Amino acid sequence: MVGQGVQGLNRGELTSPAPAPVPAGAGAGALGLARGRRKAARAPAPTLDERGGSGIAAAALIGPATFIILAGLLVPIAILFRYSLNKFVPRLMMVEAVTIENYVKFFSDAYYLGVFFTTVKVALFCTVVCLVLGFPLAYVLARTRTRFKNVLVMLVVLPLFVGNAVRAAGWMTLLGSKGVVNFALIGFGFVEAPVEMMFTEGAVIVGIIAVNLPFMVLTLQSVIESIDRSVEEAAFSLGADPWQMFRRVLWPLALPGIAAGVILTFILGMNAYATPVLLGGPEFKMMAPLVYGQMQLGNWPFGAAVSFVLMVTTLVLTATAGYRLQKRYRR
Amino acid sequence: MSSGLAALRLDARTVGSWTLKAAAGLTLCYILLPLVSITWLSFYRQEIPSFPPEGYSLRWYASIVGNARFVDGLLLSLQLGVAATALGLAVGVPAALCLARFRFPGREALNNLLLMPLMVPGVVLGTALYCFHVEAEIATGLPIIGSTIGLLSGHLLIVIPWVVRLVLASLAGFDRTLEEAAQNLGANRWTTFRRITLPMILPGVVAGALFAFVASFGNLEMSLFLVGPGRTTLPIAILQYLEWKIDPSIAAVSVVQIVLIGGAMLITDRFVKISRVV
């Protein structure tokens, strides 16, 4: 019953007026958002009693939640923006001002720009790998008819809910100088001495891919499920081989879901915190740890500015991708 | 000739299907690998995480009980999760009912607004709430920065979208005539809600509650900015320990978290099939 509302949402996605939604960086928080916004719930026309029964009832029902989000989310973001225009004076902490010097500092300093571009690069790379690795699993999950399907889906969802720190710990065990991977490499005679894999960009990439894969898989799975299997059969009976079927039938039909999954994983990659901190070590910096570090140092204006840059960058990239896609595939 | 082609085609499909399954299996292993390795580490006998282990032991699980940091973290996370979920249900279920039942201008915008906390990156949300708490503390003079109330209100934010989403989904296939029938038979609104509406949307409410709980319980990025000195949630306690070192005791704590969340999922699954709601 619950599923009825969720399934097939992707079909509506391209026709919806705004770009695909922008999800959270925080663990499970973003799950399922990639499904696209809900189309207006197909509620029946209001009954007499409701038309008379007024907006007061409606307001009473939705008012508290709306107030909490407005006061608890939009006001803080406005304050964050205001803080980013303040000045930081050592010892006085924050001095009220209206200046863009925090933003100028960020975009003119080679170190911060380096952090920015590293983050974009890592996020892009991880997204591509997630798409390549995720598609087969998503397809198998979507097309399985056995009773193991639910178990398989749970196996994909569990790591996602367990949180990034725990999964990073798993990779720390595997990739350490005395970990399983080095043990195997030495055992097979590939290397003489342990390879230092921890605290490298490679380790961070391996970790982020594992963190983001479930999101990609679940997004793709739902869109593939919404594609009628008979179109695949039609392609095969017309003489297509599996690769042609994929290229000419499955890929174009799944494109809205692919876009949603790509956008979601990219944003998660951009905003990754625990994975770069634990697997990248103190030297390797990405945007989210940079924000936390600046706030810890007490430089709130600069921390707020970096935070804002991070949010706006992800929003703009997402909106652009969503908009271009919409234009191209408007039905 | 044509039958030969057909055979060849079938063959390509079989090969394709097996390649696909193998690739899918590899991806699944990749996703699960860190969980398997951390579970394995929790049973090592020695403290240094070097492979192969010298032997196996359960003592790291026993040592959790004595570690106040993790026990306190676990308790705080559980309390937060339960409180945030309860509050989230109290405001989220009515909001979903309103969105499903009433047509009014700006309804779609309101729907998007309620889902917005999921769209703001965790670190940004944390920074924004921190600045907000600073301002609120200056304005009111009350101790808000690092307070449990501040932390709870942050968690309430990330919980609401889950409740709204899942309850709304369960209302989409709802047959309104049942409610009208009840009212025709003399039930008032509250009775109708309790006896007809609530049982019908219960799977959505349960799923929403569990997703909400898990989202709150596992939240790391936002909470980092909101916890006070000496008081941390379990994910933060794990992260801070891992920044220092990795050993089987932290692995055991991680396994406890995995088991708790896995258990919550299994319970949810009894009400709604997980594969249909995620």
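For the model as a whole, ipTM is 0.83 and pTM is 0.82. Chain B has a mean pLDDT of 86, and 95% of its residues reach 70 or more. In chain A the mean pLDDT is 80, with 82% of residues reaching 70 or more. Within chain A, residues 1–52 have a pLDDT below 50, and this stretch has 155 contacts in the model beyond near neighbours in sequence. Where pLDDT is low, the predicted coordinates should not be read in detail.

The chain has 331 residues, of which 48% count as buried. Its contacts can also be sorted by distance along the sequence. Among contacts in chain A between residues at least 6 apart in sequence, 74% join residues at least 24 apart.

The two chains touch each other. On chain B, 105 residues are in contact with 103 residues of chain A. Helix α1 of chain B, residues 2–41, supplies the largest share of the chain B side, namely 19 residues. Sorted by type, the residues on this side of chain B are 72 nonpolar, 19 polar and 14 charged.

What does B:L242 touch, leaving aside its neighbours within four places in sequence? Its contacts in chain A are A:A165, A:A168, A:A169, A:M172 and A:L278, and in chain B it is in contact with B:I250.

A:G280 is in helix α12 of chain A, residues 274–280. Is A:G280 buried or exposed? A:G280 counts as buried because it has 26 C-beta neighbours inside 10 Å, and the cut-off for a buried residue is 20 or more. Not counting residues up to four places away in sequence, A:G280 touches A:F199, A:A203 and A:V204. The C-alpha atoms of A:G280 and A:W171 are separated by 11 Å, while these residues are 109 apart along the chain.

One of the residues that A:G280 touches is A:F199. A:F199 is in the loop between α8 (180–187) and α9 of chain A. Because it has 17 C-beta neighbours inside 10 Å, A:F199 counts as partly exposed. Its phi is near 60°, a positive value in a residue other than glycine. Most residues other than glycine have a negative phi, and most peptide bonds are trans. B:P52 is found in the loop between α1 and α2 (59–66) of chain B.

Two further residues lie in helices. A:L124 is in helix α5 of chain A, residues 110–143, and it counts as partly exposed because it has 16 C-beta neighbours inside 10 Å. B:T177 is in helix α7 of chain B, residues 176–184. With 10 other C-beta atoms within 10 Å, B:T177 is exposed, since the cut-off for an exposed residue is 12 or fewer. B:T177 and B:L97 are 80 residues apart along the chain, and their C-alpha atoms are separated by 16 Å.

Helix α11 of chain A, residues 242–270, has 29 residues. A straight helix of that length would reach 42 Å at 1.5 Å a residue, but the end C-alpha atoms of α11 are only 34 Å apart. A kink of about 60° lies at A:L255 in this helix, shortly before the proline A:P256. In chain B, helix α8, residues 189–218, spans only 37 Å between its end C-alpha atoms. A straight helix of 30 residues would span 44 Å. The α8 helix of chain B bends by about 55° at B:L202, and the proline B:P203 follows within four residues.

Conventions:
Residues are numbered from 1 along each chain as its sequence is written. Chains are lettered from A and ligands numbered from 1 in the order in which they are written. This is a predicted model: local features need pLDDT of at least 70, side-chain atom pairs count only at pLDDT 80 or more; totals for chains, interfaces and linings use all residues. Two residues are in contact if their C-beta atoms, placed from the backbone, lie within 7 Å. Helices (H or I, at least four residues) and strands (E, at least two) are DSSP runs, numbered from the N terminus. Ala, Val, Leu, Ile, Met, Phe, Trp, Tyr, Cys and Pro count as nonpolar, Asp, Glu, Lys and Arg as charged, and the others, Gly among them, as polar. pLDDT is the predictor's confidence in each residue, from 0 to 100. The expected span of a helix is 1.5 Å times one less than its number of residues. The bend at a residue is the angle between axes fitted to the seven residues ending there and the seven starting there.
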